[in-house]
Amino acid sequence: ETPPPLQVTTAGGAVGLSLQPSFTLLDGEDQVLMAFEIVDANIDIEGESYTAVVQELEVPWTIIYLVVTSKTLGGFATSPTFKNIKNILATSVEALPDNSNIAVMSFASSTSTAMEFNQDTEIATTAIRNLTASRLGTSCMNNGLYDAVNKLSGAPGRKAIILVTASADDCARRTPQEVGDLAQSNQVQIYPVGLQGYSITQNSLDALAQPT
């Protein structure tokens with residue numbers, strides 16, 4: 001999302017345009033780079049290279065944790081796995097940028113909100129740890145994502161969904177294309193995480209991540 005360029009005057013008296021695009025920069029292994037990790041940068045526009053200054057945005061993130069609670073993780077045998085997932089997610093909340101607005105949602109046959117947007121990390125970690133998986137619920141993953149994007153649509157600043165799933169979508173209420181189109185139009189970034197050894201596939205995760 002790029003606001004209109006601003007006319008600026010340099011210290012030497014030259015007049016130019018300042019362009020300030022906002023983006024998430026990834027390294028070769030698709031890991032997010034922090035501003036302090038970037039030594040120098042250039043932007044290439046129509047064959048011309050311009051020196052760029054990279055800095056972290058001060059605008060807070062608005063983030064939804066969207067966690068699967070379908071029958072895939074609702075059985076007795078998968079209970080330790082689900083508990084471990086919740087512990088890892090709860091710990092990750094502390095690493096979020098300061099002043100992040102956090103909501104916690106889950107999906108199975110339907111989408112539920114465990115915690116509305118809040119900046120209190122202790123409340124968020126408690127909401128994640130208190131999630132319970134159903135022994136009967138199917139996995140309406142795409143529908144859950146669609147609902148989460150809609151919830152973020154009016155939020156200010158930078159917006160992201162952290163999706164954690166073991167199940168592939170078995171509802172067919174929404175398609176990945178619908179989810180991606182809605183996320184793009186609302187400037188929502190989707191970060192999907194899948195558990196190895198379950199029905200979710202890398203291709204399914206990539207189809208959700210790539211559009212945003």
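Predicted model: local features only at pLDDT ≥ 70, side-chain atom pairs only at ≥ 80, totals over all residues.
Reader: How do you know how many helices and strands the protein has?

Author: Helices (H or I, at least four residues) and strands (E, at least two) are DSSP runs, numbered from the N terminus. By that rule the protein has five helices and nine strands. Along the sequence they follow the pattern β-β-β-β-β-α-β-β-α-α-β-α-β-α.

Reader: What makes C140 and C171 a disulfide?

Author: A disulfide is a pair of cysteine sulfur atoms within 2.5 Å. The S to S distance between C140 and C171 is 1.8 Å, so the pair meets the definition. The rule gives a count of one disulfide. C140 sits in the loop between helix 2 (121–129) and helix 3 (141–152), while C171 sits in the loop between strand 8 (158–165) and helix 4 (176–185), so distant parts of the chain, 31 residues apart, are linked.

Reader: Which hand does the link of C140 and C171 have?

Author: The link is left-handed, with -40 degrees about the S-S bond.

Reader: What about T69: buried or exposed?

Author: T69 has 6% relative accessibility, so T69 counts as buried. T69 is found in the loop between strand 5 (61–68) and helix 1 (79–93).

Reader: Which residues does T69 touch, and what makes something a contact?

Author: Contact means heavy atoms within 4.5 Å. Not counting residues up to four places away in sequence, T69 touches F82, S106, F107, A108, T132, A133 and S134. For the protein as a whole, residues 24 or more positions apart account for 69% of the contacts with a separation of 6 or more.

Reader: What makes a group of residues a nonpolar core?

Author: A nonpolar core is a set of buried Ala, Val, Leu, Ile, Met, Phe, Trp, Tyr and Cys residues joined through side-chain atoms within 4.5 Å. The largest one here has 45 residues, and those with the most contacts inside it are Y65, L66, L145 and I161. Strand 5 gives the most to this core, with seven residues. Leaving aside neighbours within four places in sequence, Y65 is in contact with residues including L89, V93, V104 and I162. In soluble globular proteins, nonpolar side chains tend to be buried together.

Reader: Why is V193 not simply called buried or exposed?

Author: V193 has 41% relative accessibility, so V193 counts as partly exposed. V193 is found in strand 9 (residues 188–194). Beyond its neighbours within four places in sequence, V193 is in contact with L163, V164, T165 and L205. V193 and A166 are 27 residues apart in sequence and 8.6 Å apart in space, C-alpha to C-alpha.

Reader: What is said about phi at E46 and N99?

Author: E46 has a positive phi of about 50 degrees although it is not a glycine. For N99, also not a glycine, the positive phi is about 65 degrees. E46 is placed in the loop between strand 3 (41–45) and strand 4 (48–52), and N99 lies in the loop between helix 1 and strand 6.

Reader: How do you know whether E46, N99 and D98 are buried or exposed?

Author: E46 has 81% relative accessibility, so E46 counts as exposed. N99 has a relative accessible area of 52%, so N99 is exposed. D98 has 68%, so D98 is exposed. The place of D98 is in the loop between helix 1 and strand 6 (101–107). D98 and E58 are 40 residues apart in sequence and 9.6 Å apart in space, C-alpha to C-alpha.

Terms used. Residues numbered from 1 in each chain as written. Heavy atoms only, no water. Buried < 20%, exposed > 50% of the residue type's maximum accessible area, 1.4 Å probe, protein only.
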